[in-house]
Amino acid sequence: MNKHAPTVTARLEQMFHDQATCTPDAPAIYFRGQVVSYGDLDETVERLARGFSAHGVGPGVLVAISLQRTPWMVAALLATMKAGGAYLPLDARNPPERTRFMLDDSGCALLLVDSASPPMEGFGGVVLELSGGALIQRASGAPISNLAPSSLAYVIYTSGSTGAPKGVMLGHGAAHLVRWAERAYSFEQRARVAATTSLAFDPSIFEIFMPLCTGGAIVLKQNALEPFAPDEQPTMLDTVPSVLAELCRMDAIPPSVGVLNVGGEALTSALVREVYSDRPAMVLDNHYGPTEATTVATVARIPRDLTGEPSIGRPVRGATILLLDVAGEPVPEGETGEIHIGGPGLALGYLNRPDLTAARFLQGPAGRLYRTGDLACWRDGALHFGGRLDEQVKIRGFRVELGEVELALMRIPGIERALVVVRPASGRSQLIGYVQARRALTPLTVRAALADWLPDYMLPARIIVVDAFPLLVSGKIDHGRLPELDDAPADKGPPPSRGEKPIIHVFEEVLARRGVGPEDSFFDLGGDSLASVQAALRLEEMLGYEVPAALIHQSPTPRALAGSLDHGRVRTEGHVSLLAPGGPGPPLFCMADLFGHPFNYLSLARRLSAERPVHGVAPGPLQRAFTEGGDLPSMTGSFVAELRGARPQGPYLIAGYSAGGMLALDVACALEREGETVRLILLDSSLHGRRPSLDFVKRWALAQARGVFAARTLGAAAERAAALLSALTGRKARGAPPDWIPRSQVAFAARMIRLSAAYRAQAFSGPTLIIRAMEQGPLEQLHDHDGLLGWSEVLTGPVVQAPVLGGHHDFLREPWVDETARAVSRFLSSFEIAPQGRRLASGTPQRGRPLYNSGAQQETRRWPPTRP
C-alpha cells in the first residue's frame with residue numbers, strides 16, 4: 001500500500017446506493033427517449049443482485065457481461081458488485097476465439113446475455129439471459145453485506161506482448177476517482193455525462209460510475225459518433241483525439257457540452273485550436289492514465305492560448321507520480337524518466353500472471369508503484385509525455401502490443417518472419433504488417449486469418465508480403481530499407497461508375513489511401529468498425545439519406561455498395577424487398593421516397609422488427625417507364641398487385657415518407673376500394689397540390705417578414721427571401737445535381753416533383769397517423785396551412801398526429817428515429833384488427849385531433865419495463 005496516498009474506503013455500488021437514497025426521483029440514465037430515475041435503477045439493481053446471489057455470485061466470483069448498451073447493462077454491473085462479485089466485460093466485436101480465451105482464462109462462473117448476444121460455444125458455466133422479469137421475480141435471499149472496498153470489482157483484458165491478452169484486476173479504486181471528479185467539476189459540468197465507450201475499455205469506468213455516484217446522469221450511447229438527440233443535452237464528453245477530430249469535422253459536438261475530456265492518444269496543438277475555435281464556453285482536459293491505474297492518473301486543463309504541445313498535467317488527488325531512471329532513482333526536472341504511478345487507483349495485479357504482476361508492480365520506500373513503460377519529463381510544473389520504452393502503441397485509444405500482432409502473424413502457416421510498425425495516416429496512427437513467407441500468400445488471406453484472433457483495432461491496415469527482410473549487419477531488420485507502401489490496387493478492373501465515384505472518394509479519405517478500386521474491400525484496405533461508421537456518416541452527408549454502417553459490412557466494395565444503394569436491395573424483377581425480418585404482426589409496407597428507393601426506412605425497420613417485418617416498395621421494373629412519362633396510378637396499381645400477391649388478405653399497413661406519401665395514399669385508397677382494412681402512415685409528408693387560403697398566406701408572409709427584418713445581416717435575409725420566392729414560383733434551382741447521383745434517381749425525382757404539383761388525391765377513410773417533424777422551415781409551415789400538412793380534405797377517417805423531435809431529414813435517422821418508431825408502434829397497436837379485414841374499433845378518435853402526443857413533451861416512464 002502506498003503510504004503517501006489514501007486507501008480505498010468505499011465501494012462503487014454502495015456509493016451509488018447512497019446517492020439513490022438521497023435523490024430517488026432524479027434522472028440517472030437517459031437512453032433513446034427513456035429516462036430512468038435513481039430510485040428505479042436502485043430497485044432493479046437490488047432485485048438483480050438477489051438473483052445473482054441465488055446463482056452463486058459472491059466475493060471473488062467473476063461474472064462475464066455480454067449485453068447490449070441499455071439500462072439493463074448498467075444495472076447488471078452494479079448488481080454484480082452488490083452481490084459481491086466482479087464483472088468481466090466482453091466486446092461482441094471481438095473474434096469468437098479471442099472471447100473464448102478470455103472466458104477460459106478468467107474462469108468465469110456466470111455469463112449474462114440478452115437476445116442480441118453472440119453464441120458462446122464451449123462455455124462451461126451458467127448462462128443467464130436478462131430477458132423479461134423471470135430472473136427478478138424468482139430472486140430470493142439477500143446479497144452479501146459488509147464487503148471490502150479492496151475486493152475485486154472488475155477485470156479488463158488488454159493486449160499482451162506474449163501473444164495473448166492479459167486480464168487486469170481492479171478493485172474499487174475508482175471510488176477515489178469519483179471523489180476527485182466531484183471536486184474538480186461543478187455539478188452543472190457533470191450533470192449529464194455521455195457514456196460512449198465500450199465496457200471492455202477502461203474509460204467506461206469514469207463515464208458510468210462518476211456521474212452515478214455523484215448525482216449526475218449518464219447519456220447512454222452506442223459510440224462517440226452516434227448523434228445526440230436534442231433532448232439529451234450532454235454536459236461532459238469523453239473521447240480520444242482521433243474520434244474528437246472526426247466530431248469536429250462533422251460539427252457534431254453538442255453546444256451543451258461544457259467539458260471535453262480526451263485521453264488514450266497524443267493530443268496535438270492543432271486539434272486544441274480546432275476545438276476551441278468556435279466554442280467559447282468549453283473547457284478541454286487532457287487525461288493520462290493506464291488501465292492499471294484506473295483510467296486517470298494525471299490531468300491537464302488545456303489553455304486557449306496554448307503555445308507548444310499540450311502536457312498531460314499533474315496528478316489527480318490521491319495519485320503519486322514518480323519519474324525514475326533505469327536504476328530506480330528519481331530524475332531531475334527536465335530529464336526523461338519512466339512514469340511510475342502510486343495511489344489507491346492501482347490494480348490488484350494481472351489475472352493468473354503472478355510473474356507479470358511482480359515485474360510491473362513494485363514495492364519500495366515510496367510505497368506500491370506501477371511501472372507504466374511510458375516516458376515523460378517534468379517541465380514548468382507539468383508532465384510532458386515522451387513516448388514508450390517498449391513496443392506498446394495506442395490505436396484509437398486502445399492499447400496494442402506490437403509483439404502480440406507479430407506473434408499472431410507468425411501463427412499463420414507459411415509465414416517465417418513478421419514485423420509490425422506504426423505509420424501516421426490522415427491524422428491517426430495505423431499498423432502496417434510486413435511478412436516474409438515461404439509460400440504464396442496474399443495480403444487478403446493474411447488479414448483474414450488474423451481476423452480470427454485479433455479485434456479490428458489490432459488488425460494491420462496494410463499487409464505487405466516480402467521475399468526477404470532487409471537486414472543490418474547485426475541480423476536485425478533494417479527499418480530504413482523496408483519497401484514503400486504501394487497505394488495502387490492489385491487489379492483495377494473496369495473504371496468506376498458514377499455511383500461508385502463518391503464511395504471511392506470517401507473510402508480514400510477515411511482510410512488515407514490513394515488508388516482505391518471499385519472491387520477493393522473497405523476492410524481489406526484497413527477499415528475497421530469505427531472507420532465504417534465514419535465512412536457511412538460521410539456518405540450520408542454526400543448522398544442526403546441514411547447509409548447504415550452495417551451496409552458497408554454487407555457490401556464492402558465500392559461496386560457492391562453502389563449497387564445496394566442504387567437498387568435499395570429491391571429485386572429488379574419486382575417492387576417489394578425485405579428491409580427487416582420481424583415478429584408475428586402484419587407487415588409494414590414502406591413506399592419509395594422522392595428518389596425511388598426505400599433506404600430512409602432502414603433504421604425505422606430495425607426498430608419495428610421485434611413486432612413485425614418491414615418491406616420496402618420501389619418502382620423497380622417500372623422506373624424507366626415512369627420517368628419517361630408514366631403516371632402514378634399505373635405504378636401504384638402495379639404495387640397493389642404485387643402486395644396482394646405476397647399478402648392476399650389484409651390488414652395492410654402502408655407508410656410513405658416525404659413525396660412517398662402520394663404513393664402511400666394511392667396504394668391505401670386502391671386497397672380500401674377493394675374492401676380491405678388499411679392503416680396509413682404519413683411520415684412528414686405534405687400534400688403540395690392543395691393551395692392555402694389567402695388569409696393563411698397573409699399571416700405566413702407577415703411571419704416571414706418579421707423574421708427577415710429581425711435578421712442581423714441584409715445579405716442573409718435577401719438569400720432567404722430569394723430562396724422562398726424561387727420555391728414558391730416553382731423555378732428550378734440553379735446548378736445541376738452532382739454527377740455521381742444516378743441518372744435514374746434524378747429522373748425519378750424530377751417526375752415525382754412534376755406530378756406532385758398537379759396531384760389530386762382521393763379520399764381515404766381508414767385510420768391515419770401523421771408523423772410531424774417539429775423543426776419546420778418556412779416552406780413546411782406554408783404547406784401546413786390546415787394543421788394536417790395539407791391532407792385535411794383527403795383524410796376522412798380518424799387521424800392521429802405525432803410530433804417528433806428533429807427536422808424533415810433527421811427524424812428517421814439516429815438518434816431521433818427511436819421516438820418515431822415509438823409513435824408508429826403505438827399507432828399500429830391502438831386499433832384491434834380482425835384477420836378477415838374488418839377493423840374492430842377500440843376507441844372513437846376524432847378526425848384531425850391527436851389521440852396521443854409522442855414527442856411534444858419529455859416522457860418519463862417507469863423502469864424496468866416488462867422486457868429489457
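1. Rings of Phe, Tyr and Trp (its six-membered ring) are taken as a pair if their centres lie within 6.5 Å, with planes under 30 degrees apart counted as stacked, over 60 as edge-to-face and the rest as tilted. By this rule the count comes to nine aromatic pairs. This is a predicted model, in which local features need pLDDT of at least 70 and side-chain atom pairs count only at pLDDT 80 or more, while totals for chains, interfaces and linings use all residues. Residues are numbered from 1 along each chain as its sequence is written, and side-chain values use heavy atoms, with hydrogens and water left out.

2. One of the nine aromatic pairs is that of Phe101 and Trp453, whose ring centres are 5.9 Å apart and whose planes stand at 75 degrees, so the pair is edge-to-face. Phe101 lies in helix H4 (residues 96–106) and Trp453 in the loop between H12 and strand E26 (462–466), so the pair ties together parts that are 352 residues apart in sequence; helices (H or I, at least four residues) and strands (E, at least two) are DSSP runs, numbered from the N terminus. Phe101 is partly exposed, with a relative accessible area of 25%, whereas Trp453 is buried at 10%, where buried means under 20% relative accessible area, exposed over 50% and partly exposed in between (1.4 Å probe, protein chains only). The ring of Trp453 also has the charged end of Arg98 over it, 5.6 Å from its centre, the criterion being that NZ of Lys or CZ of Arg is within 6 Å of the ring centre and within 35 degrees of the ring normal.

3. The rings of Phe361 and Tyr370 have their centres 5.0 Å apart and their planes at 40 degrees, so this pair is tilted. Both residues belong to one aromatic cluster together with Tyr350. Phe361 is buried, with a relative accessible area of 8%, and Tyr370 is buried as well, with a value of 4%.

4. In helix H12 (residues 443–450), the buried residues include Val446, Arg447 and Leu450. These three cover an arc of only 95 degrees around the axis, which puts them on the same side of H12; the arc is that of the directions from the helix axis to the C-beta atoms.

5. Four bridges join E11 to strand E12 (residues 259–262), and the two run parallel; strands pair if DSSP finds at least two bridges between them. From E11 (residues 236–239), Met236 and Asp238 point one way and Leu237 and Thr239 the other way, and all are buried. Leu237 stands opposite Leu260 in E12. The chain crosses from E11 through helix H8 (residues 241–250) to E12 in a right-handed β-α-β crossover, a term that applies if, with the strands pointing away from the viewer, the path from the first strand over the helix to the second runs clockwise.

6. E12 is in turn joined to E13 by four bridges, again with the strands running parallel, and Val259 stands opposite Val283 in E13. Here the chain passes through helix H9 (residues 269–276), and this β-α-β crossover is right-handed. In strand E13 (residues 283–288), six of its six residues are buried, with Val283, Asp285 and His287 pointing one way and Leu284, Asn286 and Tyr288 the other. Five bridges join E13 to strand E14 (residues 298–302), which run antiparallel, and the bridge partner of Leu284 in E14 is Ile302.

7. Seven strands form an open sheet with mixed pairing, in the order E27-E29-E28-E30-E31-E32-E33. Strand E27 (576–580) and strand E33 (799–804) stand at the edges, each with a single partner strand, so one side of each is left without a neighbour in the sheet. Within this sheet, four bridges join strand E31 (residues 678–683) to strand E32 (residues 768–773), which run parallel, and Ile681 has Leu769 as its bridge partner in E32.

8. A cis peptide bond, with omega of about 5 degrees, joins Gly650 and Pro651, and Pro651 is placed in the loop between helix H19 (632–646) and strand E30 (652–657). Ser658, although not a glycine, has a positive phi of about 55 degrees and lies in the loop between E30 and helix H20 (660–673). Leu789 likewise has a positive phi of about 55 degrees without being a glycine; Leu789 is found in the loop between helix H24 (778–783) and E33, and is buried, with a relative accessible area of 2%.
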